[in-house]
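Have the sequence and the 3D view open, and let's take the tour one piece at a time.

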Amino acid sequence: MVFFNALPGAVAEGLIWGLMAIGVYISYKILDIADLTVDGSICTGGCVCAILITRGVPVYLSVIIAFLAGALAGIVTGLLHTALGIPSILAGILTQLMLYSVNLAIMGGRSIASFVGGNYSLMLSMRDNISAMLVAGGIIAAAIICLWLFFYTEVGLTLKSTGDNPDMSRAQGINVKLNKVIGLAISNGIVALAGALYAQYKGSANINDGRGAIVVGLAAIFIGLSVSLKIKPNFVVSLIGVVGGGVIYYIIYNFVILLGLNTSYLKMLSAIIVVIFLAVPYIKGEYFKKQKPIPETGGDADA
Amino acid sequence: MLKITGLQKTFNPGTINAKTALRGLDLTLNDGDFVTVIGGNGAGKSTLLNAIAGVWKPDYGKIEIDGVDVTKMPEHKRARFLGRVFQDPMKGTAPDMEIAENLCIAARRGVGRRLRWGFRPNERQQYRELLSTLELGLESRLSAKVGLLSGGQRQAITLLMATLRRPKLLLLDEHTAALDPKTAAKVLEITDKLVSENNLTTLMITHNMHDAIAYGNRLIMMHEGKILIDVSGEEKKNLTIPDLLGLFEKASGSEFANDKVILSK
């Protein structure tokens with residue numbers, strides 16, 4: 001019974017992390033970059049949004065600016081990687097570290113920016129989980145529609161091919177470096193947007209928010225795609241699956257808390273989920289691979 | 001059309017692994033030339049094609065395509081002049097994208113992409129017709145992921161992509177070497193058809209002496225980063241494999257060494 005009472009909260013929180021996972025999906029699945037910037041940019045989104053709202057900036061404008069701040073972080077990572085030749089994973093780590101200082105500076109040196117005590121009009125809050133679910137769901141739907149439209153434009157198609165086959169992309173006249181920067185900007189913009197929603201939902205932004213966010217995002221992607229790819233492997237279904245993955249993750253998370261697991265072990269749990277999803281296909285391929293029958297020589301008749 | 005002067009390239013300069021791949025190579029192609037390129041192991045054939053494509057910048061020398069100096073132009077910018085097919089059939093197409101999407105990207109090479117809908121209304125129909133000319137049954141699989149296709153099918157699609165917008169110069173880097181003989185013959189047949197129909201200026205590396213003689217109007221043989229033999233016209237038409245090996249031995253003073261060539265003689 002307690003579990004069912006906790007369910008709306010788990011779903012609402014899961015949706016917000018599902019939105020973040022969409023951002024991670026763009027870098028990890030489409031661009032083929034494991035972008036660690038997200039641990040910083042999700043926090044940046046929360047800090048920017050919280051500080052702006054508490055200074056009286058309208059909530060919708062604050063959220064848009066949070067998105068732009070995240071996009072800027074993505075651009076920094078992209079430039080470190082493409083213009084300065086730093087490996088992408090290190091570029092992400094470096095930006096993440098920079099963002100820790102930046103985020104502290106944004107919050108005026110304090111580690112928490114809280115909405116508590118003020119009468120701010122927020123988009124969503126954990127005090128009303130049902131409406132929080134609707135707001136988060138609406139924003140996710142809008143984001144998926146925008147991304148779906150974008151990835152079927154000429155520019156969007158080149159972004160897909162950049163991650164899928166950079167050699168082919170360059171041969172077809174695509175500026176692979178520019179595309180990586182654009183992709184990372186969109187990715188981190190969405191992550192920061194999720195951060196802005198998360199801060200409102202919780203009622204505060206904390207400098208330590210977002211630690212391990214990339215792992216949660218990856219867990220949501222793996223859980224979601226393991227289901228959605230079986231249904232229909234297309235872009236929109238994949239994104240919906242990723243959001244669903246975020247929700248499932250948070251339901252499991254809440255369930256485990258209810259079982260009485262010490263909350264300090266939860267990051268271990270997140271990491272283990274990701275390890276399992278990455279390791280299972282590898283182990284299957286490496287240790288349990290059935291030998292294929294010897295192919296007939298002479299090539300396919302239709303080749 | 002293509003004018004290369006004094007092209008030099010050394011990989012890993014100043015180290016024990018230093019390898020001079022091109023030693024002051026000069027080459028001029030005329031409009032409509034279909035040139036086959038052969039040469040021994042490490043003769044610099046692929047290095048030459050990569051230099052033209054802009055994969056890296058040469059140490060010395062100049063490359064002009066259609067009067068434009070492209071020596072310092074980045075790879076993606078000079079792509080507007082070039083159609084390229086790689087040796088590895090996996091390299092020329094995006095596996096996780098549909099056949100139609102791959103073609104759609106290729107149709108916009110050198111045109112500049114904008115934030116407008118990826119496909120024009122009748123574009124898919126055009127691709128269907130184009131694919132049917134390959135006679136591989138791909139016209140009914142427009143929305144299939146390219147990764148599901150065989151190497152030969154992917155290479156045929158890469159050829160279409162390379163020629164969809166008429167390139168100033170078509171670069172084929174042993175594009176049939178990774179295919180089985182039957183498929184290789186089919187891809188070569190498609191190549192010849194596309195080149196002659198569009199009157200494309202073409203550089204085709206091959207390890208098969210027979211193909212090198214059978215196709216194209218001009219044949220060059222490379223050796224140690226330079227062009228050793230350059231035959232065209234009637235002389236090329238009447239060339240035989242023993243002639244070619246004789247020419248090589250006379251010009252280089254050594255025996256022709258390319259394991260792949262010797263095996264396929």
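Let's start with chain B, which is divided into domain 1 (2-81 + 167-263) and domain 2 (95-166); these bounds come from an automatic or database domain assignment. Before going on, a word on the ground rules: this is a predicted model, in which local features need pLDDT of at least 70 and side-chain atom pairs count only at pLDDT 80 or more, while totals for chains, interfaces and linings use all residues. Residues are numbered from 1 along each chain as its sequence is written, and chains are lettered from A and ligands numbered from 1 in the order in which they are written.

The centres of domain 1 and domain 2 of chain B, taken over C-alpha atoms, are separated by 27 Å. Where they meet, 15 residues of domain 1 of chain B are in contact with 12 residues of domain 2 of chain B; "in contact" is used for two residues whose C-beta atoms, placed from the backbone, lie within 7 Å. Which helix gives the largest share of the domain 1 side? That would be helix H6 (residues 181-198) of chain B, with 7 residues. (Helices, H or I with at least four residues, and strands, E with at least two, are DSSP runs numbered from the N terminus.) Sorted by class, this side of domain 1 of chain B has 9 nonpolar, 4 polar and 2 charged residues. Here Ala, Val, Leu, Ile, Met, Phe, Trp, Tyr, Cys and Pro count as nonpolar, Asp, Glu, Lys and Arg as charged, and the others, Gly among them, as polar.

Now for the sheets of chain B. In one of them, 6 strands line up in the order E6-E7-E8-E3-E9-E10, forming an open sheet with mixed pairing; strands pair if DSSP finds at least two bridges between them. Strand E6 (82-85) and E10 of chain B each have a single partner strand, so each is left with one side that has no neighbour in the sheet. From one strand to the next, the twist averages 20°. At the E6 end, E6(B) runs parallel to strand E7 (residues 169-173) of chain B, joined by 4 bridges, and B:Val85 stands opposite B:Leu172 in E7(B). Helix H5 (residues 151-164) of chain B lies across E6 and E7 of chain B, at about 175° to E6(B). For such angles, axes are lines fitted to C-alpha atoms, for helices over the stretch in contact, and the angles run from 0 to 180 degrees between N-to-C directions.

Over at E10, strand E9 (residues 218-223) and strand E10 (residues 226-232) of chain B pair in the antiparallel sense over 6 bridges. E9(B) and E10(B) make a hairpin with 2 residues between them, and B:Glu224 in the turn has a positive phi of about 50°. Across this pair, B:Met221 stands opposite B:Ile229 in E10(B).

There is also an open sheet of 4 strands in chain B, with antiparallel pairing and the order E2-E1-E4-E5. Strand E2 (19-29) and strand E5 (68-69) of chain B are at the edges, each with a single partner strand, so one side of each lacks a neighbour in the sheet. Strand E4 (residues 60-65) of chain B is joined to E5(B) by 2 bridges, with B:Glu64 opposite B:Asp69 in E5(B). Helix H1 (residues 45-53) of chain B lies across strand E1 (2-11), E2 and E4 of chain B, at about 65° to E2(B).

Next up is chain A, where 25 residues are in contact with 33 residues of chain B. Helix H6 (154-164) and helix H7 (166-171) of chain A are the elements that give two or more residues to this side, and H6(A) gives the most, with 8 residues.

What about the inside? The largest nonpolar core has 86 residues, and those with the most contacts inside it include A:Ile16, A:Ala136 and A:Leu197. A nonpolar core is a set of buried Ala, Val, Leu, Ile, Met, Phe, Trp, Tyr and Cys residues joined through C-beta atoms within 7 Å; buried means 20 or more other C-beta atoms within 10 Å of a residue's own, exposed 12 or fewer, and partly exposed in between, with C-beta atoms placed from the backbone. H1(A) gives the most to this core, with 15 residues. A:Leu197, found in helix H8 of chain A, counts as buried because it has 29 C-beta neighbours inside 10 Å.
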